[in-house]
Amino acid sequence: MIRLEQISHVYQLGKKGGERTVPVLRGINLQVNAGEIVTLVGRSGSGKSTLLHAACGFIRPTGGRVIIDGQDTTKFSEGDWANFRRSRIGVVFQSFQLIPSMTAYENAELPLVLDGVGEMERRERTLQLFERFGLTDYAQHYPGELSGGQQQRVGIARALALRPSIVFADEPTGSLDSENERQFLTTLQQLNVEEQITFLIITHDEHVASIGHRTVRMEDGLLTETINGRQSQGSSAIDSEVTV
Ligand SMILES: Nc1ncnc2c1ncn2[C@@H]1O[C@H](COP(=O)(O)OP(=O)(O)OP(=O)(O)O)[C@@H](O)[C@H]1O
């Protein structure tokens, strides 16, 4: 479960980091229950990525607390965050962020290498993910030799390699055509139902937003909520709360 409590964030601009301040988040409260898919929408510049980055520890919010699976991350060092992310969080980006000089297989396997997983197990897990995502024939291709949809699937295979219980995704279908988007959303819903993975997904696309059990909208640094009417496997959407 992800619990964001009174999250605020102010960026400091200027050479010395303080010549101008940009307040972006103004006391956000959001709970995402285990096994839920929550989609986050809002106009460009409203602070969605900033909130996601705070939730997964890429930035330290100016105020508030991020509590994940009962652990208050407020006092985490960067090293603590990195270990914590490795053990339970996967992140998927719009731009895929694959390493161009590594094959699809090497890209997806990388988190396992960094985590010290043995070669046999790395191979088994990576090939299983490639089979699941229809990538088996493309394992030895470099990112530049793959379509956008294939690259996105390598990105999600990499995000899932360490078997996270939570996946954060920032515009995951932004670079996909409608067929690849449809396939990606089906996979995501399967992972949610079969493996109870919790998702928090930023999107501009109404279709993507509609796969969430709930959609929250960011406006002026605060959230409003819509219930989409699908119940999650994990727990009732009614248990979840957004305070505006
Ligand atoms: N590193 C930064 N330093 C200063 N200001 C920033 C920084 N990152 C983002 N901002 C500003 O914070 C505001 C929110 O940005 P953010 O990327 O969170 O919005 P968003 O809702 O994700 O936008 P989009 O939908 O266009 O991706 C914007 O005004 C942006 O210019």
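Two residues are in contact if their C-beta atoms, placed from the backbone, lie within 7 Å. The model is predicted; local features need pLDDT of at least 70, side-chain atom pairs count only at pLDDT 80 or more, and totals for chains, interfaces and linings use all residues. Residues are numbered from 1 along each chain as its sequence is written. Helices (H or I, at least four residues) and strands (E, at least two) are DSSP runs, numbered from the N terminus.

**Exercise 1. Find which residues join α3 to α4, and describe the crossing.**

Step 1. List the contacts. On the α3 side are Tyr105, Ala108, Glu109, Leu112 and Val113; they meet Arg122, Arg125, Thr126 and Leu129 in α4.

Step 2. Sort them by class. This contact of α3 with α4 has 5 nonpolar, 1 polar and 3 charged residues. Ala, Val, Leu, Ile, Met, Phe, Trp, Tyr, Cys and Pro count as nonpolar, Asp, Glu, Lys and Arg as charged, and the others, Gly among them, as polar.

Step 3. Take the geometry. Axes are lines fitted to C-alpha atoms, for helices over the stretch in contact; angles run from 0 to 180 degrees between N-to-C directions. Those of α3 (residues 104-114) and α4 (residues 119-132) come within 10 Å and cross at roughly 135 degrees.

Step 4. Name the arrangement. Angles under 35 degrees count as roughly parallel, over 145 as roughly antiparallel, 65 to 115 as roughly perpendicular and the rest as oblique. So α3 and α4 are oblique to each other.

**Exercise 2. Describe how α3 packs against α5.**

Step 1. Start with the axes. Those of α3 and α5 come within 7 Å and cross at roughly 25 degrees. The two helices are therefore roughly parallel to each other.

Step 2. α3 passes α5 in a right-handed crossing.

Step 3. List the contacts. Ala104, Asn107, Ala108, Leu110 and Pro111 of α3 face Val154, Ala157 and Arg158 of α5. By class, the contact of α3 with α5 divides into 6 nonpolar, 1 polar and 1 charged.

Step 4. Look at burial. A residue is buried if 20 or more other C-beta atoms lie within 10 Å of its own, exposed if 12 or fewer, and partly exposed in between. The buried residues of α3 are Ala104, Tyr105, Asn107, Ala108, Glu109 and Pro111. They pack against α2 (78-88), α4 and α5 (148-160).

**Exercise 3. Identify the residues with the most contacts inside the largest nonpolar core.**

Step 1. A nonpolar core is a set of buried Ala, Val, Leu, Ile, Met, Phe, Trp, Tyr and Cys residues joined through C-beta atoms within 7 Å.

Step 2. The largest core has 55 residues, and Ala55, Ala157, Phe168 and Leu200 have the most contacts inside it.

Step 3. Inspect Phe168. Leaving out residues up to four places away in sequence, Phe168 touches Leu52, Ala55, Cys56, Ile89, Val91 and Leu200.

Technical notes:
Left-handed = near helix turned anticlockwise from the far one by under 90°.
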